[in-house]
Amino acid sequence: MAIFDVNKFKIIVMGDRPRIKNEAQYDALRDQGYSKEKSARIANSPNAGKRGGEASAYEDRTKSELYEQAKDLDIEGRSKMSKDELISALRNH
């Protein structure tokens, strides 16, 4: 067994494949067309499988609020994006 700390997430390798915390969520994301990397990142997040719903819709936020969130996620080109482009970039990150 080997443990690697990659981008704030610990990946535990058992044999040839990294361990996924929430296998059901990982499989569902893969079925929806998400990449292996993105599916694993989501399924291994600290709140994997928990329901959210507390955040306001992107459309209800100001452009500056969306920009700050894009900045926190290090989305490239955010300074030149319109509100709609910021929403799209955040949804697809």
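Helix H1 crosses helix H2 in a right-handed sense, where handedness is left-handed if the near helix is turned anticlockwise from the far one by less than a right angle, and right-handed if clockwise. The model is predicted; local features need pLDDT of at least 70, side-chain atom pairs count only at pLDDT 80 or more, and totals for chains, interfaces and linings use all residues. Residues are numbered from 1 along each chain as its sequence is written, and side-chain values use heavy atoms, with hydrogens and water left out.

The two helix pairs are set out below. Axes are lines fitted to C-alpha atoms, for helices over the stretch in contact, and angles run from 0 to 180 degrees between N-to-C directions.

| Pair | Axis distance | Angle |
|---|---|---|
| H1 (residues 23–31) and H2 (residues 36–43) | within 9 Å | roughly 145 degrees |
| H3 and H4 | 10 Å | about 35 degrees |

Contact (heavy atoms within 4.5 Å) between H1 and H2 involves Gln-25, Tyr-26, Leu-29 and Arg-30 on the H1 side, and Lys-36, Ser-39, Ala-40, Ile-42 and Ala-43 on the H2 side. By class, five of these residues are nonpolar, two polar and two charged; Ala, Val, Leu, Ile, Met, Phe, Trp, Tyr, Cys and Pro count as nonpolar, Asp, Glu, Lys and Arg as charged, and the others, Gly among them, as polar. Ala-24 also lies in H1. With a relative accessibility of 58%, Ala-24 counts as exposed, the classes being buried under 20% relative accessible area, exposed over 50% and partly exposed in between (1.4 Å probe, protein chains only). The C-alpha atoms of Ala-24 and Ala-43 are 8.5 Å apart, at a sequence separation of 19 residues.

The crossing of H3 and H4 is left-handed. Lys-63, Leu-66, Tyr-67, Gln-69 and Ala-70 of H3 meet Lys-83, Leu-86, Ile-87 and Leu-90 of H4. This contact comprises six nonpolar, one polar and two charged residues. Within H4 (residues 83–91), Leu-86, Ile-87, Ala-89 and Leu-90 are buried. They lie on the same side of H4 because they cover an arc of only 165 degrees around the axis, taken from the directions from the helix axis to the C-beta atoms. The buried residues of H4 pack against H3 (63–72).

Over the chain, there are four helices and three strands, both being DSSP runs numbered from the N terminus (helices H or I, at least four residues; strands E, at least two). Their order from the N terminus is β-β-β-α-α-α-α. Of the 93 residues, 24% count as buried.
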